[in-house]
Amino acid sequence: KVTIKGIERELICPACKELFTHPLILPCQHNVCHKCVKEILFAFEDSFADGGSESSNPSSPRIKISSSSMDRIDRISRSGTKRNSLTPRSSLFPCPGCQRDIDLGERGINGLFRNFTLETIVERYRQAARAAIAIMCDFCKPPPQESTKSCMDCSASYCNECFKIHHPWGTVKAQHEYVGPTTNFRPKILMCPEHEMERVNMYCEICRRPVCHLCKLGGCHANHRVTTMSTAYKTLKEKLSKDIEYLISKESQVKAHITQLDLLLKETECNSERAKEEASHSFDKLSHVLEEKKSAALRAIEASKNLRLEKLQMQAEEYQGLLENNGLVGYAQEVLKETDQSCFVQTAKQLHVRIQKATESLKSFRPAAETTFEDFVVDIAKQEEILGDLSFHSNGLEIPEINEEQSRMYNKALISWECPGKTDSADTYVLEYHKLNRGEESAMWQETEVCSKSKVISDLDDDSSYAFRVRGYKGSICSPWSREVILRTPPAPVFSFLFDDKCGYNSEHLLLNPRRTSVESRAGFPLLLGSERMQVGCYTTLDYIIGDTGIAKGKHFWAFQVEAYSYLVKVGVVSSNKIQKLFHNTHDVTSPRYEQDSGHDSGSEDAFFDSAQPFTLVTLGMKKFFIPTTPAAPKDPASRILPLPSCLGICLDCDKGKVGFYDAGRMKCLYECEVDCSGIMYPAFALMGGAAVHLEEAVTAKYGEYHDDI
């Protein structure tokens with residue numbers, strides 16, 4: 001038998017680091033004290049209300065939340081309420097056992113089971129730890145006597161005399177269940193937390209938790225596979241017993257592994273000391289090189305200073321001699337006193353040359369040496385960057401690569417990366433990014449630590465380019481930086497809308513998905529009926545659909561994808577005062593210009609087509625983007641046809657009265673024109689034949705998923 005004192009580590013709450021008190025079972029199968037769960041959730045609410053400035057709830061001293069966990073607190077607090085108020089509230093809880101965000105469901109704490117089995121084991125451990133401390137009777141008059149038994153139905157402890165008084169023979173209480181003295185009372189029947197009056201009698205094999213018959217009939221387990229509680233009890237008990245027997249039978253192997261681990265602990269200590277010495281030696285060598293460079297630089301500056309001071313001092317002495325009765329001037333004044341002509345000429349010739357030089361230097365004064373030491377400024381920018389990247393590099397840790405196809409810029413930036421070899425994966429990653437400014441040579445990198453292989457970044461400037469790079473960390477070892485990837489943000493804030501299923505929507509020709517983010521035009525029998533009259537010069541109409549939200553002012557951007565098989569799609573904007581004209585304009589697509597009997601001139605037809613449109617649309621189809629015919633457009637038709645981008649974007653500037661059509665993948669403008677924004681502007685789409693348009697979904701933060709390995 002395993003002694004109760006040897007399992008203490010299994011009875012400690014991962015949050016408060018104390019023995020469990022009323023433990024709750026989380027969906028990830030970890031246990032946390034009921035009080036700890038509430039305090040952590042309260043800390044989340046306080047953190048969200050205070051902007052994440054506090055590290056914990058001051059009224060809850062049991063839970064000490066580290067600063068590294070505050071980012072998760074703020075992130076989960078923001079995610080507590082979904083965007084649509086009609087959807088059920090979903091509570092996310094960071095499990096302190098597995099460090100993952102667990103969805104507690106609509107009922108939150110009230111939907112969690114209390115682990116009575118664990119409570120019983122904890123109570124037995126407490127009794128073994130305090131065997132000398134007796135449990136007193138709850139009904140004795142002072143002084144109370146030591147209890148001899150506890151009633152599980154009454155949830156109280158009794159001495160022999162009090163038990164006989166409160167449980168007389170021949171009454172219902174005489175049938176109560178009693179055990180030895182204990183302070184742990186649990187209900188005899190486990191009730192369903194979602195249906196409080198129902199007893200759990202089944203076990204959900206999908207969610208791996210007990211459920212009642214109402215959960216199976218109409219609750220969240222209606223379509224799940226369930227089994228009877230007795231079958232689940234028998235199956236799980238057999239599996240647990242076999243696993244325990246297997247572990248006990250391998251006791252010698254476990255002891256051998258423990259011995260090996262003890263040796264590894266000592267070896268790790270020795271190797272770490274050796275690594276410290278090597279690292280210290282490397283830094284000492286680097287410090288020695290820096291000291292030598294420092295000494296050489298200081299010596300060069302000192303030598304240059306002495307040379308300059310000497311030159312300036314000599315120049316100062318020369319100018320000092322130009323003063324009256326001093327130096328050269330004084331000497332010349334004495335020479336002028338000479339009366340002997342031959343002696344005067346002999347001395348004055350050389351003196352006159354010196355006086356002339358002094359006069360010239362006085363007219364064009366220039367210091368003999370520079371006072372600045374700009375040539376001696378040490379440029380350490382590159383060395384500083386190299387030292388910033390100084391770390392333990394490993395040849396086995398592969399360099400991650402940013403996946404440009406999976407990464408995208410929209411309302412937020414989603415950056416995804418992967419390791420080419422899929423081996424020796426890093427534990428964590430550091431993603432760095434900075435804005436590319438033309439005026440700044442080197443911008444400051446912003447970094448964020450990520451545990452997964454993708455990261456959502458918010459608060460980026462519109463119409464800006466950003467550089468991204470990533471590196472992996474495995475313990476203290478890191479990989480080199482990945483290749484920098486440059487992505488550009490949309491030219492304006494992202495405008496969110498859905499397809500309008502009411503205003504002008506033709507349900508016979510167009511098919512909307514339930515979320516109203518995709519529309520499809522089917523080339524069926526109605527289109528054939530509409531095309532049957534084309535031989536006599538009639539027109540085939542487009543099926544229009546608009547967005548459910550309009551724009552009155554400002555600059556906005558939205559993106560969408562057009563299926564490659566689409567035959568004809570028109571996209572653009574329409575004003576509110578022209579919507580009725582849009583849905584009743586039947587002559588908008590097929591022109592009779594190519595019919596032999598039409599008699600129309602092609603040039604005049606183009607002019608009429610452009611001026612007759614009550615809205616601004618461009619044509620897409622057959623994997624092509626067609627630039628409209630305008631005076632500024634190229635005359636060659638082939639140059640007006642571009643490959644259709646995988647994702648298209650539209651930027652509407654109501655203030656300037658312009659609309660631009662973009663390659664949303666590269667944020668490059670393909671075509672821009674003026675538009676009348678006198679009314680409220682709506683996104684407009686038109687489809688004909690087999691075609692489909694999908695609105696680009698907004699980038700949202702994705703939380704880590706947990707896997708149930710129990």
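Good morning. I begin with helix 8 (residues 327–335) and helix 9 (residues 341–363), which pack at an angle of about 150° with their axes 11 Å apart. Helix 8 is therefore roughly antiparallel to helix 9, a label given to angles over 145 degrees. Axes here are lines fitted to C-alpha atoms, for helices over the stretch in contact, and angles run from 0 to 180 degrees between N-to-C directions. Helices are DSSP runs of H or I with at least four residues, strands are runs of E with at least two, and both are numbered from the N terminus.

A word on the source: this is a predicted model, in which local features need pLDDT of at least 70 and side-chain atom pairs count only at pLDDT 80 or more, while totals for chains, interfaces and linings use all residues. Residues are numbered from 1 along each chain as its sequence is written, and side-chain values use heavy atoms, leaving out hydrogens and water.

Which residues make the contact, meaning heavy atoms within 4.5 Å? From helix 8, Leu 328, Tyr 331, Ala 332 and Val 335 meet Phe 344, Thr 347, Leu 351, Arg 354, Ile 355 and Ala 358 of helix 9.

Seven strands form an open sheet, in the order 22-23-34-25-30-31-32, with antiparallel pairing; two strands pair if DSSP finds at least two bridges between them. At the edges lie strand 22 (510–512) and strand 32 (668–674), each pairing on one side only. Within the sheet, strand 25 (residues 555–562) and strand 34 (residues 691–695) run antiparallel and are joined by three bridges. Val 562 has Val 693 in strand 34 as its bridge partner.

Technical notes:
Parallel < 35°, antiparallel > 145°, perpendicular 65-115°, else oblique. Contact = heavy atoms within 4.5 Å.
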